[in-house]
Amino acid sequence: MFRYFSAFSNVGIGETFAKENGFECVLANEYDVNRACWFQQAHPSAKRICGDFTNQQTFSDLVRLFKKKKCQAAFFSPCCQPFCRAGGQHLDSPAAFYILYVLEFIKQTRPLIGMIENAREFPTAILKDDPRPIKKRIFKFLNDLGYQVKMEIQDAVDYGSPQSRKRAVFLFSRIGEVDFPKKVSHYKTVEEVIGHLPSLPAGAHRSIPFHYAPPMPKVQADCMIGVLPGERSPHPVDRYGNPKLNAPGYTFKRIWADRYCPTILQHSDQITGFNTIHYRDNRCLTIKEIILGNIFTYFNAVFIFLGVLLAIVGAF
């Protein structure tokens, strides 16, 4: 098993297939307590440090534990909200500067291989402390440390996910040339991945863990009756039944069954979310459906590739 550190780990869905590809998470860091607890259940052998990555004590503890546990790889997914245009960029926020702490962590720990991923706007963003785009800063910093680096905008749908999720992905290695995994020849559809789950009306529960439909005002659920996959309700209303004349075009929209779905974003439990109405039922997606929609992700392909690279050089 190749030992790795997961920074900004969230709940760990993207690392579901790590173990079967020869990787074991032995150290993880997440700020949110609830997310950290969920991650711990999925990766019970990992030493979990719950706290702010930029806090001096937390950072020092993580550096020390990384070395103590002899981690060989590191994966970083710092907060993407400052860079996403969908939510309005906030390049002067403290979270926008997490990448500087990531680079310092790499400098102090020198993992053999690793990955940094973030929003697709991330590489071209310019922080106020330096006129260079973030991509140039990362390449220069890691190249000076002896790493080979490659960056591409990757889409999860090209690696077996039933949702399109474009992310900027940096791969870095000091043990061999890095490249991106081969893309799949067949796109998974929404129905392939979640079609086996039973229908649910809004607000209903089933015995299947996490398969419960978010509640929705009946007047809003009713406005989706007869709306076909890929189409939007012609009569969107608020929770009181009043017409929503200026509702954005991505709201009140049903996902396709025989295609992959758009990116599932925050607030996917609301009819005013981003294209998240079930292709068959008049409701938003359940947690179970969202997990299945995210679990077949780009990260599985990355773990396969990095595992092969480590095995080739015999880095045990």
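## Phe59 and the aromatic pairs

Phe59 counts as buried because its relative accessibility is 9%, where buried means under 20% relative accessible area, exposed over 50% and partly exposed in between, computed with a 1.4 Å probe and protein chains only. The model is predicted, so local features need pLDDT of at least 70 and side-chain atom pairs count only at pLDDT 80 or more, while totals for chains, interfaces and linings use all residues. Residues are numbered from 1 along each chain as its sequence is written, and side-chain values use heavy atoms, with hydrogens and water left out.

Rings of Phe, Tyr and Trp (the six-membered ring of Trp) pair if their centres lie within 6.5 Å, planes under 30 degrees apart counting as stacked, over 60 as edge-to-face and the rest as tilted; by this rule the count comes to 20 aromatic pairs. The pair of Phe8 and Tyr98 is stacked because the ring centres are 5.6 Å apart and the planes stand at 20°. Phe8 lies in the loop between strand 1 (2-7) and strand 2 (23-30) and Tyr98 in helix 3, so this pair ties together parts that are 90 residues apart in sequence; helices (H or I, at least four residues) and strands (E, at least two) are DSSP runs numbered from the N terminus. Both Phe8 and Tyr98 are buried.

Phe59 and Phe105, by comparison, form an edge-to-face pair, with 5.7 Å centre to centre and 90° between the planes. This pair links distant parts of the chain, Phe59 being in helix 2 and Phe105 in helix 3, 46 residues apart. Phe105 is buried, with a relative accessible area of 0%, and ring pairs link Phe59 and Phe105 into a cluster with Phe5, Phe8, Phe53, Phe66, Phe76 and Tyr98.

## Loop residues

Asp158 lies in the loop between strand 6 (148-155) and strand 7 (166-173) and is buried, with a relative accessible area of 12%. Leaving aside neighbours within four places in sequence, Asp158 is in contact with Lys183, Val184 and Tyr187, contact meaning heavy atoms within 4.5 Å.
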